[in-house]
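Thank you all for making time this morning. Please have a look at the structure on the screen, and then I will walk through a few places in the chain.

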Amino acid sequence: MNTLDAIYHRRSCRNYTDELVTEEEINIILRAAFSAPTAVNAQPWEYIVITEEDILDKIKEKMNFARYNAHTAIAVCGNMKLALKGQDKDLWICDCSAAIENMLLAATDIGLGNLWIGIFPIESRMATFRKILDIPEHVVPLGMVYLGHAVNKEEGRCRYREDAVFYQKYDPNRKMRKIANL
């Protein structure tokens, strides 16, 4: 699959088969994550690979928005001891988000279903994740990616909207179409 195919075919997957993700597939996903761009090459990211069912069950039990039947998850965290300081201190969010997107695209490329679960900046979610995964205070959980073999392979979709594209300068007078929250 080429890059654009992976981008256009990626879909959030919320239902997985019992087939396990292999160590080789996990390594492909991690290598993709480590290939993401990072501001000033800070590389503030750290990853927690979760394959033990009891830990996955604790996550599902404590976090109702994360109750999916994947057998593999990877938590993506920013280590504040590695993150930039001063006015650039929050660029770790961009770095870790780029890593997550690389993970999603790599998973799509190798035929795995995937789902990005947001954790940061919601304090209660971060606290729960820290407790379940023994994450120290200087490490901030940004998100988690579920990985697995999709029960149904849905077609990708592009959400291109001409009204959300500006050229040269922003037009504050343009009427934007409001997207319904589902």
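Predicted model: local features only at pLDDT ≥ 70, side-chain atom pairs only at ≥ 80, totals over all residues.

Let me begin with Gln43, which sits in the loop between H2 and E1, where helices (H or I, at least four residues) and strands (E, at least two) are DSSP runs numbered from the N terminus. Residues are numbered from 1 along each chain as its sequence is written, and side-chain values use heavy atoms, with hydrogens and water left out.

Gln43 has a phi near 50°, a positive value in a residue other than glycine. Because its relative accessibility is 35%, Gln43 counts as partly exposed, the term for values between buried (under 20% relative accessible area) and exposed (over 50%), with a 1.4 Å probe and protein chains only.

Val40 lies in the loop between H2 and strand E1 (45–50), and although Val40 is not a glycine, its phi is positive, at about 55°. Is Val40 buried or exposed? With 67% relative accessibility, Val40 counts as exposed.

Turning to another loop, we find Asp18 between helix H1 (3–9) and helix H2 (23–34), and Asp18 counts as exposed because its relative accessibility is 65%.

Finally, Pro121 is placed in the loop between strand E3 (113–118) and helix H5 (123–133), and the peptide bond leading from Phe120 to Pro121 is cis, with omega near 10°.
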